[in-house]
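Please look through the sequence and the model shown here before reading on. The report that comes after them is written for a reader who is new to structures of this kind.

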Amino acid sequence: MVWPRSAEEAEKVQEDLRGLVRAEGDGREPRLVAGLDVAYGDDLIAAAVTVLDASSLEVVESSVVVDRPVFPYVPGLFAFRELPALLDALRALETVPDLLVCDGHGLAHPRRFGLACHLGILTGVPSMGVGKTFLVGEHVEPGRERGSWTPLVHEGETVGRTVRTQDGIRPVYVSSGHLIDLPAAARRVLELSPSYRLPETTRSADRLSRSALREASG
DNA sequence: GCGACAG
DNA sequence: ATCTTGTCGC
C-alpha cells in the first residue's frame with residue numbers, strides 16, 4: 001500500500017475516499033466489538049486490537065504489533081500515523097469483529113474523514129469514533145447524567161454527538177465511521193461504558209498497547 | 001492576521 | 001500521546 005509522504009498528499013487521499021463513507025447500518029446488533037488503541041514510546045508505537053463479546057464485555061481475542069511511526073502527528077491527518085500498525089494488528093486476528101471502536105473521531109473531522117471513517121473504508125467493517133477531546137463542531141454541554149447528549153455541528157451539519165457516559169464526568173465525542181448511523185453509535189458507546197468514562201473496548205486496547213510497548217522498550 | 005488543533 | 005507527586009473527593 002502506497003502511503004502519502006506529505007500533508008498535501010494525505011489530504012488528497014482523504015478527499016478521494018470521503019465519498020465512500022456510508023453512515024448507515026443494517027440495524028443488527030454486533031456480537032463481537034473491537035477496541036483499537038496505540039501507545040507511543042521514544043521511537044516505537046504499539047497498536048493493539050481487543051475483541052470483546054458485546055454482551056459480557058469479556059475480551060475473547062486480542063492482537064498487538066510494535067512498529068515505527070511512518071507519519072508525523074498532524075491534527076486532521078492523525079489516521080496516517082496510526083493506520084498502518086492498526087491494520088497489521090487487525091490482520092493478525094482470527095475472528096472478524098462486527099464493529100470497530102476507534103480512539104479518535106470519524107465524521108467529526110475537518111474533511112469528514114477521521115480515523116474511524118478511514119479504517120472502516122479500508123476494512124469494510126462497520127466502525128465508529130470515540131474521541132476523548134474535541135476536534136471540530138459547535139456544541140453545548142450535555143446534562144450531567146449518564147446518557148445525556150448534545151449534537152456536534154460543523155459547518156451546518158450534524159457530524160457527531162457529545163455523550164455523557166457517566167454522571168458528572170466529562171463527555172466523550174462520538175461520530176460515525178462507516179456502516180453505522182449516529183444514534184446507533186451513541187447507543188453503542190453507552191452499552192460499552194457501564195462503569196467508566198471510556199468504553200471497555202478502548203480501555204482493554206489501551207492496556208494491551210501499553211504493556212506491549214513496555215515489553216518492547218524498557 | 002489570530003487562534004484551534006483527534007493521538 | 002507522554003513527562004509526573006501529591007492531593008482533593010467519594
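The text below takes up the DNA contacts, then the nonpolar cores, and finally the cysteines.

This is a predicted model, in which local features need pLDDT of at least 70 and side-chain atom pairs count only at pLDDT 80 or more, while totals for chains, interfaces and linings use all residues. Residues are numbered from 1 along each chain as its sequence is written, chains are lettered from A and ligands numbered from 1 in the order in which they are written, and side-chain values use heavy atoms, with hydrogens and water left out.

**DNA contacts**

A residue is near a strand if one of its heavy atoms lies within 4 Å of it. By that rule 17 residues surround DNA strand B, and the closest are Y73, F78, D103, K132 and T133. DNA strand C, by contrast, is surrounded by A39, Y40, K132 and R210. Of the atoms of DNA strand B within 4 Å of the protein, 49% belong to sugar or phosphate and the rest to bases, whereas for DNA strand C 100% of such atoms belong to sugar or phosphate.

The table gives polar contacts, a term for a pair of N or O atoms within 3.5 Å.

| DNA atom | Protein atom | Distance |
|---|---|---|
| base nitrogen, DNA strand B | polar backbone atom of H105 | 3.0 Å |
| phosphate oxygen, DNA strand B | polar backbone atom of K132 | 2.9 Å |
| phosphate oxygen, DNA strand B | polar side-chain atom of T133 | 2.6 Å |
| phosphate oxygen, DNA strand C | side-chain N or O atom of K132 | 3.0 Å |

**Nonpolar cores**

A nonpolar core is a set of buried Ala, Val, Leu, Ile, Met, Phe, Trp, Tyr and Cys residues joined through side-chain atoms within 4.5 Å, where buried means under 20% relative accessible area with a 1.4 Å probe and protein chains only. The largest such core has 27 residues, of which L36, V49, L83, L90, L100 and L119 touch the most other members. Helix 2 gives the most to this core, with eight residues; helices here are DSSP runs of H or I with at least four residues, numbered from the N terminus. A second, separate core of 17 residues includes V130, I180, A184 and L190.

**Cysteines**

How many disulfides does the rule give? With a disulfide taken as a pair of cysteine sulfur atoms within 2.5 Å, the count comes to zero. The sulfur of C102 is too far for a bond, because the closest cysteine sulfur, in C117, is 8.9 Å away. C102 is buried, with a relative accessible area of 1%, and C117 is buried as well, at 0%.

Key:
Polar contact = N/O pair within 3.5 Å; in protein donor to acceptor, adjacent residues only side chain to side chain. Buried < 20%, exposed > 50% of the residue type's maximum accessible area, 1.4 Å probe, protein only. Helix = DSSP H or I, 4+ residues; strand = E, 2+ residues; numbered from the N terminus.
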